[in-house]
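Let's take a walk through this model together, from its overall make-up to a few of its side chains. Please have the view open as you read.

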Amino acid sequence: MLRRVSAHEPEPVHVVPLASWFDGEDAPRTSELHTCIHCGLCLTACPTYRTLKVEPDSPRGRLYLMRGLAEGRISPSDPLVGHLDRCLDCRACETVCPAGVPYSRLLEATRGQLARRWRTGSPLRLLGHWVLRSILPHPGRVAMAADLLRIGQAPPMAALLRSPLARLLPRFARQGLAMTPALVVTSSLDFPSA
């Protein structure tokens, strides 16, 4: 039996699903990305959201970003990666989530995909990764970096860094120097050998 189509009935719409940005290797599970019930209980538990008050810097907002990548609606960008990177992965959101969203697992899978498939980022991001890999694991190198900071805080250099020449430094360097507390002199014996 053929069904007669009325002139007033809209034609069926064929929706073509967008391709996920994630590949098949350790991608976040789509079913887990959809477990969020959008209740907002995670907002008060999240330290970055409590500080910044920006939805993409909340667990719920980051889940939206991860879902956007999974559904192919968005692609990686510096702001998106910045929102994901600001997460401390403290898992406070998981303890208050009534739906049991495996937020940490989803975030780590997304970060893994981004680290493997997306461009490495800005020179500042590359510098940060280099410091994490090459300086912080070695106490002797950390001590050397602290010594360099002490030299920068010594009277002749401190005066130079407060002069108009300081404008030649990148903004992040000026901000970092301004926020660094005075470092006390210690002997190299205080640090375990590398």
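What percentage of the 194 residues in the protein do buried residues make up? Buried residues account for 29% of the 194, where buried means under 20% relative accessible area, exposed over 50%, and partly exposed in between (1.4 Å probe, protein chains only).

A word on the ground rules: this is a predicted model, in which local features need pLDDT of at least 70 and side-chain atom pairs count only at pLDDT 80 or more, while totals for chains, interfaces and linings use all residues. Residues are numbered from 1 along each chain as its sequence is written, and side-chain values use heavy atoms, with hydrogens and water left out.

The protein has eleven helices and zero strands; both are DSSP runs numbered from the N terminus (helices are H or I, at least four residues; strands are E, at least two). The mean pLDDT, the predictor's confidence in each residue from 0 to 100, is 84 for the protein, and 85% of the residues score at least 70. Confidence is highest in helix H6 (residues 92-96), at a mean of 97, and lowest in helix H11 (residues 171-179), at 81. Where pLDDT is low, the predicted coordinates should not be read in detail.

Now to the aromatic rings. The structure holds one aromatic pair. Rings of Phe, Tyr and Trp (its six-membered ring) pair if their centres lie within 6.5 Å; planes under 30 degrees apart count as stacked, over 60 as edge-to-face and the rest as tilted. Arg-117 lies over the face of Trp-21, 4.3 Å from the ring centre; such a charge needs NZ of Lys or CZ of Arg within 6 Å of the ring centre and within 35 degrees of the ring normal.

| Residue | Relative accessibility | Class |
|---|---|---|
| Trp-21 | 16% | buried |
| Phe-22 | 9% | buried |
| Leu-160 | 38% | partly exposed |
| Ala-178 | 66% | exposed |

Ala-178 is found in helix H11. Its C-alpha is 9.7 Å from that of Arg-162, although Ala-178 and Arg-162 are 16 residues apart in sequence.

Helix H9 (139-153) and helix H10 (155-162) each supply at least two of the patch residues, and H9 gives the largest share, three residues.
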